[in-house]
Amino acid sequence: MSQFHPIIYVRGYAMTDSEIADTVSMPYMGFNLGATKVRQSWDGAVYKQVFESPMMRLMKDYGYTDAFSDGAEIDRDITRKSVIIYRYYDQADRDFGEGKPLSIPAAALQLRDLILNIRERLCGGNPKLLEEFRVSLVAHSMGGLVCRCMLQNDGISTPAVREMVDKVFTYATPHNGIEMAGINVPSFLGLWDINNFNRETMAGYLGLAGRPERVDSLDGKFSPDRFFCLVGTNQQDYGAAKGVSKWLAGKMSDGLVAIENASVRGAPRAFVYRSHSGPYGIVNSEDSYQNLVRFLFGDVRVDGVMDVESLPLPPSVEKARSEGRRVRASYYFEATVSPRGARSYRLTERRRETFSAVLRKFDEMMKPEQAGLDSARSPVLFSTFLDSSKITVERGRTLVMTVDLAVSATDYFVDGALWTEHRVEGEYLYRDTLTLKMTPSGDGWNLRYVTTDEQWSERGGSKAEFDGDSYLIPLSSKKGFGAQLRMTLKHRN
């Protein structure tokens, strides 16, 4: 079966009448917006890098075409490399519809019908083509909830329709609702349909039983492995509502959606320093595009977990603990992943400065019985996708990427008081950059690594130990930190 399928783009939330009018006026509903500004660092420095737009790049890099012809919509022949813009906001514009936005279930129902229409146009009556037919859904913000409603609500789709969806990629979707000042938006707030992001309302249109505390589950209706969540971490550059939104959403957000609410349980995800929309928005960026195409077309999935074995305390704090005094702190686990040749983007960056690092509490880390897979002592650092067709080295089939790793602690508290003795700000328990070289070998991989803080990355490196399903790379520091990076590599169909 071909790796290329028609792509349906489902745009995000438009609040006011003027925003809806602007949305309807754009042929590609925002999927054609590019950027020439890239925020380079936390201090606000900016440099110029031209990113044409996801639509343009799919055309240039992969030969996709739109579905417009002579000003008509879905008028030309649909191919495996067509991008279809789902224009569900047209009905909300008084020139084209009744002037009232569709509810999420109504939009999901029309999305289902659009998929069936594309299937008919592409496959005709050919049984083999009908059986093989798939589409990919790419959605921004609320568009991801429209996709989930279509996939999860039994009143809208069937298992047969769900099987027609190959993959789903969401940008900055509030999969667990939207919080303002730490409170989930209320169900009674019908103004501009903001109650679409209330968890009780969401449970209803997502077909989730009861009143679950969280609504970020696919509920067994669609495989999380085929669902990717791109999470924005740049709160400060979101300008909607004259800056009120980013203030209410808080620092651990993209200016609208909290980081912890922007992913689906069990699904791979990446974190990019982008705001919900705007000049530094998550859709119109190179790092987001590279995640999109590697998830849709890449042939290798790489997951990284850090198994912490030894987590030292500063000598003065350890002395206090050995005397029976109560110690409190939390730990940050940071990871940034870049493939070879990535000069202007990263596939994922979980950093302390952007409030996206994995955070674990001292008590969690000090309980040895909780060690092991998916425990507090084994944080998942990244899930990323690579495409072997992008290898530019003439010899070999080696995939190469770098992983920047860092482990640090917050301030230490002893018996409830801030511990200032010998405390030096900015100390790391562990920090290094690994260059990973992954070469297919039989049914497995030959994985070699280089610690680039100490060696040239072009050197051969050390071979990672294989334990039956994972590749293990030892991590240590002279301070006594000890861990292993446990990596799984899987070929994708």
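Me: Two strands pair if DSSP finds at least two bridges between them. How many bridges join strand 14 to strand 19?

Reply: This is a predicted model, in which local features need pLDDT of at least 70 and side-chain atom pairs count only at pLDDT 80 or more, while totals for chains, interfaces and linings use all residues. Residues are numbered from 1 along each chain as its sequence is written, and side-chain values use heavy atoms, with hydrogens and water left out. Strands (E, at least two residues) and helices (H or I, at least four) are DSSP runs numbered from the N terminus. Gly304 stands opposite Phe382 in strand 19, and strand 14 and strand 19 run antiparallel, the number of bridges joining them being 6.

Me: To what extent is strand 14 enclosed, that is, how many of its 11 residues are buried?

Reply: A residue is buried under 20% relative accessible area, exposed over 50% and partly exposed in between, with a 1.4 Å probe and protein chains only. Strand 14 covers residues 300–310 and is largely enclosed by the rest of the structure, because the number of its 11 residues that are buried is 9.

Me: How many bridges join strand 14 to strand 28?

Reply: In strand 28, the bridge partner of Ser310 is Gly482, and that of Val308 is Ala483. Strand 28 (residues 482–491) runs antiparallel to strand 14, and the number of bridges that join them is 10.

Me: Which are the edge strands of the open sheet formed by 7 strands?

Reply: The order of this sheet is 4-7-1-8-9-12-13, and its pairing is parallel. Within this sheet, strand 1 (residues 7–10) is joined to strand 8 (residues 135–140) by 4 bridges, with Ala139 in strand 8 as the bridge partner of Val10. The strands that pair on one side only are strand 4 (65–66) and strand 13 (269–272).

Me: Within what arc do the buried residues of helix 1 fall, seen down its axis?

Reply: The buried residues of helix 1 (residues 17–25) are Ile20, Thr23 and Val24. They line one face of the helix, because the arc within which they fall, seen down the axis, is 95 degrees. The arc is that of the directions from the helix axis to the C-beta atoms; on the other side, Asp22 and Ser25 are exposed, whereas the buried residues keep within 95 degrees.

Me: Which residues does Ile115 touch, not counting residues up to four places away in sequence?

Reply: Contact means heavy atoms within 4.5 Å. On that basis, the residues touched by Ile115 are Ile8, Phe133, Val135, Leu137, Met150, Met164 and Val165.

Me: How far apart are the ring centres of Tyr86 and Tyr88?

Reply: Rings of Phe, Tyr and Trp (its six-membered ring) pair if their centres lie within 6.5 Å, and planes under 30 degrees apart count as stacked, over 60 as edge-to-face and the rest as tilted. A search of the whole structure finds 20 aromatic pairs. The planes of Tyr86 and Tyr88 stand at 40 degrees, so this pair is tilted, and the distance between the ring centres is 5.2 Å.

Me: Is Phe466 buried or partly exposed?

Reply: Phe466 and Tyr471 form a tilted aromatic pair, 4.7 Å centre to centre with 35 degrees between the planes. Tyr471 counts as buried, at 7% relative accessibility, whereas Phe466, with a relative accessible area of 44%, is partly exposed.

Me: Over the face of which residue does Arg350 lie?

Reply: A charge sits over a ring if NZ of Lys or CZ of Arg is within 6 Å of the ring centre and within 35 degrees of the ring normal. Arg351 lies over the face of Tyr273, at 5.8 Å from the ring centre. For Arg350, at 3.9 Å from the ring centre, the residue is Phe271.
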